[in-house]
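Me: Hi, could you walk me through this one? I'd like to go over a few spots together.
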Amino acid sequence: MSALLDIKDLRVTFNTRYGEVTALDSVSLHVNEGETLGVVGESGCGKSITALATMGLIPSPPGRIAGGSIALNGEELTSASEARLRALRGAEIAMIFQEPMTSLNPVFTVGAQIAEAIMLHQKVSRDTAMKDAVALLDRVGIPSPAERARDYPHQLSGGMRQRVMIAMAVSCRPKVLIADEPTTALDVTVQAQIFDLLNEIQREFGAAIILITHDMGAISEMADRVAVMYAGRVIEEASADSVLDTPQHPYARGLIDCIPALGKGDTALKEIPGVVPPLHLLGAGCAFAARCAHANARCLSEKPLLANHGHHPSACHAVEEARI
Amino acid sequence: MTVLLKARDLTVRFALGKKGLFGARQHLEAVRSVSFTLAKGRALGIVGESGSGKTTTAMAAIRLTEAAGGQVLFEGEDLLTLSDEDMRQRRRDIQLIFQDPYSSLNPRARVADIVREPMDLMEIGTPAERDVRVRELFQLVGLRPDQLNLFPHQFSGGQRQRISIARALSTNPKLLVCDEPVSALDVAIQAQILNLLARLKDELGLSYLFISHDLGVVRHVCDDVAVMYLGKIVEHGPVEALFEAPQHPYTQALLAAAPSLARRKSKGYVRPMKLSGDPPSPINPPKGCAFAERCPKAQDICRQSPPEAREAQGLHVACYFPG
């Protein structure tokens with residue numbers, strides 16, 4: 001079975017005052033129908049750029065897709081025309097953004113905004129689209145949907161706004177739904193509601209979900225498969241169980257160990273020292289080497305490639321040489 | 001166990017607009033007679049959703065927000081009745097770390113001056129002693145001496161939070177109020193700051209009033225927890241008891257909502273307890289239990305009169321049907 005969305009060797013570069021900087025370097029990801037792929041990493045690892053590239057929304061200039069392919073159902077997106085992309089966006093592939101306040105238009109009612117998305121892709125009257133919008137608001141768990149459809153975004157709470165975003169994103173039953181940190185700005189109780197809603201929608205519509213997050217806890221609850229990203233590369237990829245139970249790359253181990261657990265609190269947390277390096281300062285070696293306890297001379301001079309070293313694919317010399 | 005800070009029936013009211021020219025002024029009670037005790041050398045976590053009054057409670061307790069009623073005893077002295085100058089002198093014992101490390105540091109000051117400023121204002125030691133102290137503090141929080149003369153924008157979020165901590169420690173405080181100190185940071189950086197805060201508490205014998213919405217973080221740093229809902233503490237007690245056997249339905253729902261590595265999609269995890277809707281408006285709070293309309297256990301009595309706190313399983317729970 002070929003993947004619904006198949007990203008191969010994607011390379012995205014940006015022109016900056018430091019010269020051309022590679023934001024994504026040979027990123028390969030795929031997601032199948034009805035599956036949730038978790039993409040995890042710290043800020044600046046390229047998670048959101050991957051999502052924007054897939055949607056054809058890389059700001060250009062300064063950015064550009066410098067190589068690789070993105071295939072949706074076998075159709076190549078990197079060479080698709082802007083008109084074709086516009087037809088696909090919303091209908092076949094949709095995105096839920098991190099900040100529901102800034103991604104809704106403040107001067108239109110939420111009902112009108114959802115109806116607009118429907119009318120762009122389906123030949124229906126405004127009345128029908130508005131009815132559909134109300135039905136969608138009901139579906140995503142908004143109480144008294146007919147009245148709420150006449151509300152403006154500022155009249156709704158953060159959780160409600162994110163539900164509106166989800167209603168808009170699923171309005172045309174897309175095959176692929178990209179959720180970029182959909183709950184970062186929300187309370188844990190609301191986060192739980194949004195996660196449960198995404199899972200329900202997936203069961204109902206069979207959509208493939210790409211969940212972008214920095215939280216391994218969210219991955220555990222939501223994802224079937226996980227890709228760990230660091231400094232613009234995928235450094236580990238496997239089933240969620242495999243990554244969570246037997247993480248290979250020291251960075252993946254670090255991300256799991258540094259979460260304060262609900263169960264016990266006495267021991268010191270394992271920390272990952274330092275920060276993600278700026279992309280223009282990446283050298284020839286492994287981008288994680290400076291923060292890694294297992295780094296040696298080879299790590300500093302040679303970039304590790306994603307390969308299976310026994311358990312599941314990871315990009316680490318130390319794993320390959322069985323040093324950890 | 002010596003008590004450092006004790007709040008009794010602390011209430012905070014904010015004035016709202018009038019209804020018409022001759023209408024009565026409405027008030028919003030953000031904190032509704034909250035009582036808690038913080039012992040020396042311990043950390044008290046305050047958790048709850050946004051709008052539950054966590055930050056307002058802490059700010060009122062250290063007199064940065066005006067309280068409408070109640071008492072706050074700091075080492076036995078009521079902070080709310082101190083004169084302005086006495087309160088200013090007291091401030092050296094009470095310091096604050098903010099959530100956002102980007103907006104809480106002056107972008108035009110060198111970080112050594114930022115850390116030094118509280119000592120200048122409080123006139124602690126001679127200028128030479130202050131310089132020595134700044135260097136000590138830098139080392140204590142894990143910054144290098146060669147970074148002394150840099151500006152805040154030259155640091156990452158985690159390092160800025162270290163600067164904030166160094167500034168807070170410069171007056172040798174007894175109480176540190178931490179208002180969501182790690183929620184703006186990446187997970188990997190969170191761990192660095194949490195470990196630092198835990199180490200400082202042990203080494204310097206500090207007490208923390210620790211505000212957070214992240215239960216895992218509170219579990220890690222705090223000794224005691226108070227759970228707030230719509231301006232009231234609904235459950236409080238030692239951290240182990242509260243996390244192992246929460247008695248209030250709201251605490252149970254909060255714990256069920258927190259993401260955890262133990263909850264796997266592959267193992268068919270389904271949330272046992274779901275909270276729907278949002279908290280009610282604090283402008284006209286329900287006369288009974290504020291949580292009643294979202295609570296699976298609610299009965300008629302819950303909607304009629306608010307439950308008083310009572311002991312259950314080593315915790316103080318404001319609920320008619322704990323457990």
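Reply: Happy to! One definition to begin with: two strands pair if DSSP finds at least two bridges between them. The model here is a predicted one.

Me: Good to know. In which sense do β1(A) and β2 of chain A pair, and over how many bridges?
Reply: They pair in the antiparallel sense, over nine bridges, with β2 covering residues 19-31. Ile7(A) stands opposite Leu29(A) in β2(A).

Me: And what joins β1(A) to β2(A)?
Reply: A hairpin, through two residues.

Me: How about β1 and β4 of chain A, how many bridges there?
Reply: Eight, again antiparallel, between residues 5-16 of β1 and residues 63-72 of β4. In that pairing, Leu5(A) stands opposite Leu72(A).

Me: Switching topic: where is Tyr152(A) found?
Reply: In the loop between α5 (145-148) and α6 (158-169) of chain A. Tyr152(A) counts as partly exposed because 15 other C-beta atoms lie within 10 Å, and buried would take 20 or more.

Me: Which residues is Tyr152(A) in contact with, leaving aside neighbours within four places in sequence?
Reply: Pro106(A) and Thr109(A).

Me: Now chain B. How far does helix α6 reach?
Reply: α6(B), residues 187-204, reaches 26 Å from its first C-alpha to its last, close to the 26 Å expected for its 18 residues.

Me: Which of its residues are buried?
Reply: Among them are Val187(B), Ile193(B), Leu197(B) and Lys201(B).

Me: And what covers the buried residues of α6(B)?
Reply: The cover includes α10 (250-257) of chain A, along with elements of chain B such as β3 (43-47) and α7 (215-221).

Me: What follows α6(B)?
Reply: Gly205(B), with a positive phi near 65 degrees.

Conventions
Residues numbered from 1 in each chain as written. Chains lettered and ligands numbered in written order. Predicted model: local features only at pLDDT ≥ 70, side-chain atom pairs only at ≥ 80, totals over all residues. Helix = DSSP H or I, 4+ residues; strand = E, 2+ residues; numbered from the N terminus. Buried ≥ 20, exposed ≤ 12 C-beta atoms within 10 Å, placed from the backbone. Contact = placed C-beta atoms within 7 Å. Expected span 1.5 Å × (residues − 1).
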